[in-house]
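Here is a short briefing on one protein and its ligand. Look over the sequence and the 3D view before reading on.

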Amino acid sequence: MRDVETMAGGHNHCEIRITDMRVPGSQMLGGRGEGHLLGQARLGPARLAHCMRWIGQAETALEMLVSRAIERYSHGSYLAEKQGIQWMMADSAMELYAAKLMVLHAAYKIENGLPFRQEVSFAKHHVANTLWRVIDRAVQVHGALGYSTDTPLANMLKQARFARLADGADEIHQMTIAKNVISAYKETGSVRSR
Ligand SMILES: Cc1cc2nc3c(=O)[nH]c(=O)nc-3n(C[C@H](O)[C@H](O)[C@H](O)COP(=O)(O)OP(=O)(O)OC[C@H]3O[C@@H](n4cnc5c(N)ncnc54)[C@H](O)[C@@H]3O)c2cc1C
């Protein structure tokens with residue numbers, strides 16, 4: 001076993017080699033050949049649990065962005081009074097709001113036994129990318145301070161990068177979403193998910 005060091009440190013992400021293992025039929029979970037299906041059933045809710053933590057992180061980053069912008073005076077006004085900075089706040093607030101609604105809706109579908117694959121992919125991709133963008137904007141508004149390790153932002157940014165890879169890289173979710181959109185259109189003439 002090797003605990004793989006990541007750009008954000010070691011977190012027990014291990015490579016494990018399994019050799020000559022035999023599992024008796026009585027110990028099998030689900031049916032033969034259905035392991036991937038079982039994994040997918042677990043991954044839907046698990047991806048939303050990631051999203052909930054990422055929303056918390058993104059909200060903290062936006063709070064830090066606003067806090068810095070209202071106290072830092074530069075080039076004749078507070079940062080919060082500059083339109084370029086306000087747009088960063090507005091984009092972050094809108095993306096965060098959409099992130100919350102997407103997670104709520106996907107959770108509603110899972111809870112009510114409705115098909116949820118498309119909505120979970122929407123949410124996972126959107127929240128992972130929102131997290132990255134909001135923390136990056138917070139770093140930008142903090143200037144050199146944001147790049148330093150004097151605030152938690154540098155560490156948050158490094159942690160956030162994994163969100164676009166783990167539990168399906170961005171492109172895999174985009175591929176799934178596109179496949180669902182195409183098949184919905186072919187079957188119903190609409191791109192709405194069922
Ligand atoms: C910190 C961390 C924690 C993780 N935790 C888990 C976990 O708990 N459970 C788990 O199952 N996995 C976990 N993963 C694994 C993660 O899901 C995989 O790393 C991810 O699916 C990418 O697979 P790969 O690393 O083999 O990259 P590859 O398959 O080699 O892909 C590399 C890149 O190629 C691109 N790519 C790949 N396929 C396509 C395609 N079809 N179309 C377009 N572009 C494509 C993507 O940009 C992708 O990032 C974790 C990864 C990290 C970094």
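Which residue has a polar backbone atom 3.3 Å from an oxygen atom of the ligand? The residue is Asp 167. This is a predicted model, where local features need pLDDT of at least 70 and side-chain atom pairs count only at pLDDT 80 or more, while totals for chains, interfaces and linings use all residues. Residues are numbered from 1 along each chain as its sequence is written, and side-chain values use heavy atoms, with hydrogens and water left out.

**Around the ligand**

- The ligand is surrounded by His 13, Phe 162, Leu 165, Ala 166, Asp 167, Gly 168, Ala 169, Glu 171, Ile 172 and Met 175 (each has a heavy atom within 4 Å of the ligand).
- In the side chain of Glu 171, an N or O atom is 2.7 Å from an oxygen atom of the ligand.
- Taken alone, the ligand exposes 960 Å², and the protein buries 40% of that (areas come from the Shrake-Rupley method with a 1.4 Å probe).
- Helix α6, residues 170–188, gives the largest share of the shell, three residues (helices are DSSP runs of H or I with at least four residues, strands are runs of E with at least two, and both are numbered from the N terminus).
- By class, the shell has six nonpolar, two polar and two charged residues (Ala, Val, Leu, Ile, Met, Phe, Trp, Tyr, Cys and Pro count as nonpolar, Asp, Glu, Lys and Arg as charged, and the others, Gly among them, as polar).

**The nonpolar core**

- The largest nonpolar core has 33 residues (a core is a set of buried Ala, Val, Leu, Ile, Met, Phe, Trp, Tyr and Cys residues joined through side-chain atoms within 4.5 Å).
- Within this core, Ile 135 and Leu 153 touch the most other members.
- Two or more core residues come from each of α1 (35–71), α2 (83–111), α3 (117–142) and α5 (153–160).
- Leaving out residues up to four places away in sequence, Leu 153 touches Ala 61, Met 64, Ile 135, Ala 138, Val 139, His 142 and Gly 146 (contact means heavy atoms within 4.5 Å).

**Residues to find**

- His 105 lies in helix α2. His 105 is partly exposed, with a relative accessible area of 40% (buried means under 20%, exposed over 50%, partly exposed in between, with a 1.4 Å probe and protein chains only).
- Asn 12 sits in strand β2, residues 9–15. Asn 12 has a positive phi of about 65 degrees, although it is not a glycine.
- Asp 20 lies in the loop between β2 and α1. Asp 20 is exposed, at 80% relative accessibility.

Notes. A polar contact is a pair of N or O atoms within 3.5 Å; within protein, one must be able to donate a hydrogen and the other to accept it, and residues adjacent in sequence count only if both atoms are side-chain atoms.
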